[in-house]
Amino acid sequence: METPVLKVANLSKSIKNKEIIKNISFQLNKGEVLGFLGPNGAGKSTTLRMLVGLSRPSAGTVSICGHAIDDDYVQAMAHVGCIIEGPDLYEYLSGYKNLELLGAMSQHVTKTAIDDAIALVGMEKRIHDKVSIYSMGMKQRIGLAQALIHQPDLLILDEPTNGLDPQGIHEFREIVKSLAKDTGISVLISSHLISEVQLMCDRVCIINQGMLVRDGAVTEMLSTGEIVWVVNNPCQGQRILNEQFQLDARITTQNELIAAIDLEILPKINAALIAAGLELQTVAANNTTLEELFLSLTNQKTIH
Amino acid sequence: MLNLIRNEVTKLLLKKKLFLIIGLLIIFITLLSYGQQYTYEKNIDRFENLSGAGSYDWKSLATQRLDDLEKRLDSPYIPDDGIASIDIEIKQLRYFIDNDINPITPSAAKFSVDFVEQGISLLIPLIIVILAADLVSGEFSTGTIKVLLTRAVPRWKILLSKLIALLLMTTLVVLIMGLLAILISYLFFGQWGFDEPVATGFRLIDGQLNADAVILVSRFEYTLLIYSLTWYVAIVIAALTLLISIIVDNTVTAIGVLMAALIGGQFLQFFLSDWPIVKFFFVTNLDLIRYLTGSYQPIPGMSLNFSIITLGIWGLLALLIGFQIFNRKDVLV
């Protein structure tokens, strides 16, 4: 088995005797895009800060490409690039100078690597302007560039689309997606935007109150195995499902008929409904959106 | 490591604070030079008007000063400590007159020493604080500390590069200050004054001025000596500022804390003779130059060596504590 790009084991953090991150474990394999989802205050940012050495864990281990972050810090950090609630750039320098300065801190960042990163984020035209005159979108792009100049294996993005307009969010998402596809870089992205995570990520970790409450592939989590029928007489349909197929179906307020079924027998059910004289308007699979799943898992009224 | 230092120096230079400091220095030096020239000319005028003589004779002026001081000693209102310092000045003047050394004509070299003499306890530390205060706290408030620390470089190396860059810039500032003082005051006085003999080596033995070990050095050597002491004080202040900058993430608070210490320390000077513990506070030891010029109130236990060691300990402790804190700090910005 290949070494996972990121391995987090039993990560915990307490501040003033209050445990805010409780025993989080997960891993990220090569080429995966993992989403980190959670309500405000869940501990996403705190966790991500512990992954890159900005915060000290109270317990647990973090390894990046097999290098532990506490024992082998330099090696571990050489494999990761990150944006933590950024963008954090030197406003009195140009975009290029920022990248040059930060590149000089790593061992083998060449001018070509910097130029490639600039081209990737599409900032060639304005790269020599002072950062103080950049728009938010431009700053975020430079932020992404600084995470990429040393060619890391892991990209950690903590709320990278903060403050971007919908166009900016779309462009950022496209850059990250094509980056993951072309270079095989693994990405860990935390976001409030559930739709973004749903569109970009292969797997998702849902965090709530410092604990990992769900960890799995996006498609798995979303398919609930239910089928929705819209028919002209839902009550009759319900009876047919009960008598002929021993299925408990429910009728929603929008007069939809929903039942959890084995997909193999769907054609038989459809045939039975038609044979009974019902008009079948639509038959669809009932996928929860990630948002519904998220809200049900993280149902809370107060901040803990 | 060189790259890191180069980065930090670039940041310090491009932040343009250096130009602000040089601007401030130019203003102060010009004002003080002008002030000194003005007072000197006024004194000559006054003397010439009083004595009716046509030209200026320093020996007479010095003798005049000597008479004033001796008269003041006769006054019944001087406290005991005051007597000691007046006595010292009298002895010094007697020495200058007997050995034909002119104590008061202004020259560029003399001014450069006078300038740091005046500034070493407040102005110069303030300038260093302005230079150093946002070295770490600035990165926290703008958030750039996050991109700085998430590199493949251990934290202590990053802080060390900042420290070295700070020491380099501090040295540069002291150098520029000396050059500006000499050049600008030359414009006013027209005299370099590097060859003038300076008597130094006055020692305080049991509260009495002792002139046995006094030697004459050229003003050039004396200036170098004084500026070395100034540099040492600047370095210690820089180290302390770095520590405060690390502890409080906020630049304004850092400057406030240090200014409070510097100004508060000026008040503490009054308690030096009655409250022994005050002599261990770093602010009361900042004025190293007074030990060389011989014009100060003697406090038991305080000597040049004592002050240098005390400042050194404060500086080293500040660095040790600072590094520890920086290494363990959680970055929450």
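Two strands are taken to pair if DSSP finds at least two bridges between them. Helices (H or I, at least four residues) and strands (E, at least two) are DSSP runs, numbered from the N terminus. The model is predicted; local features need pLDDT of at least 70 and side-chain atom pairs count only at pLDDT 80 or more, whereas totals for chains, interfaces and linings use all residues. Residues are numbered from 1 along each chain as its sequence is written, and chains are lettered from A and ligands numbered from 1 in the order in which they are written.

On these terms, strand E6 (residues 80-84) of chain A is joined to strand E7 (residues 154-158) of chain A by five bridges, and the two strands run parallel. The bridge partner of A:Val80 in E7(A) is A:Leu154. A residue is called buried if 20 or more other C-beta atoms lie within 10 Å of its own, exposed if 12 or fewer do, and partly exposed in between, with C-beta atoms placed from the backbone. Because five of the five residues of E6(A) are buried, this strand is largely enclosed by the rest of the structure. A:Val80, A:Cys82 and A:Ile84 point one way from E6(A), while A:Gly81 and A:Ile83 point the other way.

Chain A as a whole contains eleven helices and 14 strands, and 41% of its 304 residues count as buried. Its C-alpha trace spans about 75 × 50 × 40 Å along the principal axes. Contact between two residues requires that their C-beta atoms, placed from the backbone, lie within 7 Å. Among contacts in chain A between residues at least 6 apart in sequence, 71% join residues at least 24 apart. Chain A is divided into domain 1 (6-220) and domain 2 (224-291), with bounds that come from an automatic or database domain assignment. The centres of the two domains, taken over C-alpha atoms, are separated by 44 Å.

Chain A also holds an open sheet of four strands in the order E2-E1-E4-E5, with antiparallel pairing. Its edge strands, each pairing on one side only, are E2 (18-28) and E5 (67-68) of chain A. Strand E4 (residues 59-64) of chain A pairs with E5(A) in the antiparallel sense over two bridges, and A:Ile64 stands opposite A:His67 in E5(A). Helix H1 (residues 44-51) of chain A packs on this sheet, touching E1 (6-15), E2 and E4 of chain A, and its direction makes about 120° with that of E1(A). Axes for such angles are lines fitted to C-alpha atoms, for helices over the stretch in contact, and angles run from 0 to 180 degrees between N-to-C directions.

Elsewhere in chain A, six bridges join the antiparallel strands E9 (residues 203-208) and E10 (residues 211-217). A:Val204 stands opposite A:Gly216 in E10(A). The hairpin of these strands has two residues between them, and A:Gln209 takes a positive phi near 50°.

Chain B has 13 helices and four strands, and buried residues make up 34% of its 333 residues. Of its residues, 21 are in contact with 25 residues of chain A. Helix H1 (2-14) and helix H8 (144-149) of chain B are the elements that give two or more residues to this side of chain B; the largest share, six residues, comes from H1(B). H1 and H8 of chain B, together with helix H4 (111-120) and helix H5 (136-148) of chain A, are included in what covers the buried residues of H3(A). The buried residues of helix H3 (residues 95-103) of chain A include A:Asn98, A:Leu99 and A:Leu102.

A nonpolar core is a set of buried Ala, Val, Leu, Ile, Met, Phe, Trp, Tyr and Cys residues joined through C-beta atoms within 7 Å. The largest has 141 residues, of which A:Ala145, A:Ile156 and B:Leu242 touch the most other members. Helix H10 (residues 219-247) of chain B gives the largest share of this core, 15 residues. A second, separate core of ten residues includes A:Ile227, A:Val231, A:Leu241 and A:Ala249.

B:Leu167 lies in helix H9 (residues 155-189) of chain B. This residue counts as partly exposed because 17 C-beta neighbours lie inside 10 Å. Leaving aside residues up to four places away in sequence, B:Leu167 touches B:Ile235 and B:Ala238.
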